[in-house]
Amino acid sequence: MKYGQWFKQRLKNDGFPPDWVDSAISYSQLKKCINKLTAELASVGLDAATLSKLLKHVEEYNTSTAAQDADDGSRSFEYILADNHANDASSKKPRTPFHPKLLFHVNESTGEILGANLDDKTRKNLQMLAVETGLTELRVFEEPDTDSIASSDSASCTSNKKAGYRTVEVPLTSDSEFFSTLATELSGLEQLQDREEKRMHNEIEGLGRQVARMTDPDRKSNRRLLAVWREIFQVYIESDIFFGHTESDHAAHNADKATERFQKFCNTIATQGLVDKIKKPEGLRALNTFMHINREILQGLRFGEINHTAMLKILKKFDKQTALGVKSSFPQRLEYPEFSEHLAKATCAELNNQILSSIPQLEDYSCPMCMELKWRPVRLRCGHTFCIRCLIVMQTDKQHNCPLCREKTVVDACSDNLDLELADFLKKWFPDEVKAKQKYNELMAGVDQYGEVYKERCVVM
Amino acid sequence: MALPKRIIKETERLMAEPVPGISAVPHEDNLRYFDVHIHGPSQSPYEGGVFKLELFLPDDYPMTPPKIRFLTKIYHPNIDRLGRICLDVLKSNWSPALQIRTILLSIQALLGAPNPDDPLANDVAQRWKEDQNAAIETARQWTQEHAKP
């Protein structure tokens, strides 16, 4: 299937909101522009083959003279996307209008093109063009005398002057149309992205407040729900939906991969019965919103991807049909808004800040030695915290250095090193884990005192 | 004795997110005993080889380091004929915050950066210092001979 058709179908069938579809790159319209441009160029004798020969020649010429002055104005032919002086104002106007044109430097008397080693056919075509310029609709662009403007204007136009030659300018109407359409559409996409980001921001903020309320550890009734939500978010984080975090996978994911990961996340929380454990309708609504936000990010990612491809494809087509080599120079002139990745990144960060972080995860508060909750937490002089049990074992074992920084701080840890503030926090957010660890610590303290038989005390009695 | 939670967690992560070029699989009948395979680092004489190791977690792990030994023959100044490894983090510089994962990475790195100034296999280290190119060539030959996957 042709890309144009495929693109159209995706826009129609993938369930994008109507205002998104309206902002999409109008692939078929741009294609028509290219056709018009090809006709325009052909009418002045410049078909793709001729132009590519010409451009290749200019390139070779430039490389061969690069050692001297790179831009000494002796180039015979130029394709200019936008006026040079536009660069000066670029800080103020990032989107300068496009006025693409072709410039030829031809000998005034013979009409022969400057310094060109072209084959006869091309030469003839160009001579015809140069001779005809006076008669046809093409504008002849006479450069002013070097003397008169050299002092007043140091801009690039003076350097184009070469004695005995004049410059012929071929304005390209359809070309202008092509690029202004594309530029407008890209701005439109950017605005759409800003709008979506703001909207998602509000949505996420609202959900964040809701989740925070439902899991507030100060309310006893929330206690069971807190564990459920924590588990859901833990599965979510481990699913690495939009970004990988392992040695072998550490980049942003594309839409297909992210969709697959998201599906896996949905399956996991369903099979683990986590959805059923949220019994309250309020909680289910919140979970639904959470899923919805994720689906929206996925859709944004997909929309950005197909638009990006559409742009690359249309530029490729443009080059193929006109041989003007625009694909490499255009993206520098006009940055493609990183629609997909940017929106996904921004929204994921938002999701982290507003929602996931409202429920502390066990992994962030586990002891690097036993990998369980650091209860009771002891902060060493070097600033690193571990659970008291592991440090007791280390001290008994005469291991004196901090496991993380190797500073000799374990040896002088005492009850003053207990981190009471962190202890309160852990008790509040991880009540079940604290209880389990407390029991274990007591058991192990007994074993320390009475030996292994302490574990079996119930059986013995 | 029941397996500590830490060992269960480490094993789970090694299985779910393996380190590139390294695999560690516990024995079914002894979950403290692992079969390890390390791929020789690229641009080292061990490139293209897959080295087999055994890894055992003692009862007081992580307070004491895991016991690790090469099973595949290897020509390396810090690994002796019995496969024993001379690596500071496996001995004096062990820390209970290190893991199977990090230790295996260190061993992989040791293959990429042999250290003949702190030798375990004296003859190899001697040769490494006297004629490094020849030593590297021997290491390459041994890899071809013994460490073919």
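Visitor: Which residue's side chain makes a polar contact with the side chain of R302(A)?

Guide: A polar contact is a pair of N or O atoms within 3.5 Å; within protein, one must be able to donate a hydrogen and the other to accept it, and residues adjacent in sequence count only if both atoms are side-chain atoms. R302(A) sits in helix α11 of chain A, which covers residues 281-322. At 3.1 Å, its side-chain partner is T259(A).

Visitor: What sort of model am I looking at, and how are its residues numbered?

Guide: Residues count from 1 along each chain as its sequence is written, while chains are lettered from A and ligands numbered from 1 in the order in which they are written. Side-chain values use heavy atoms, with hydrogens and water left out, local features need pLDDT of at least 70, side-chain atom pairs count only at pLDDT 80 or more, and totals for chains, interfaces and linings use all residues, since this is a predicted model.

Visitor: Back to R302(A): leaving aside its neighbours within four places in sequence, which residues is it in contact with?

Guide: Contact just means heavy atoms within 4.5 Å. Once you skip neighbours within four places in sequence, the list for R302(A) reads R10(A), D14(A), F16(A), A255(A), D256(A) and T259(A).

Visitor: Helix α11 of chain A also holds E296(A), so which residue forms a salt bridge with E296(A)?

Guide: A salt bridge needs a side-chain nitrogen of Lys or Arg within 4 Å of a carboxyl oxygen of Asp or Glu, and over all chains the count is 19. For E296(A), the N to O distance is 3.1 Å, and the partner is R199(A).

Visitor: How far apart in sequence are the parts that this pair ties together?

Guide: Look at the helices, which are DSSP runs (H or I, at least four residues; strands are E, at least two), numbered from the N terminus. E296(A) lies in helix α11 of chain A and R199(A) in helix α7 (residues 173-214), so the pair ties together parts whose separation in sequence is 97 residues.

Visitor: How much area do domain 2 and domain 3 of chain A bury between them?

Guide: Chain A splits into domain 1 (44-172), domain 2 (184-359) and domain 3 (364-460), with bounds from an automatic or database domain assignment. Eight residues of domain 2 are in contact with seven of domain 3. Buried area is the accessible area (1.4 Å probe) that two parts lose on being put together, summed over both. Of the total here, 56% is on carbon and sulfur atoms, and that total is about 630 Å².

Visitor: And which three residues of domain 2 of chain A lose the most area to domain 3 of chain A?

Guide: Together they make up 69% of what the domain 2 side buries. They are P217(A), R223(A) and R230(A).

Visitor: Which residue forms a salt bridge with K428(A)?

Guide: Between domain 2 and domain 3 of chain A, the count is one salt bridge. The closest N and O atoms of the K428(A) pair are 3.9 Å apart, and the partner is D218(A).

Visitor: What is the phi of M371(A)?

Guide: Most residues other than glycine have a negative phi, and most peptide bonds are trans. M371(A) lies in the loop between α13 and β5 of chain A. Although M371(A) is not a glycine, its phi is positive, at about 60°.

Visitor: Which residue is joined to R376(A) by a cis peptide bond?

Guide: R376(A) belongs to the loop between α13 (339-354) and β5 (377-379) of chain A. With omega about -10°, the cis bond links R376(A) to W375(A).
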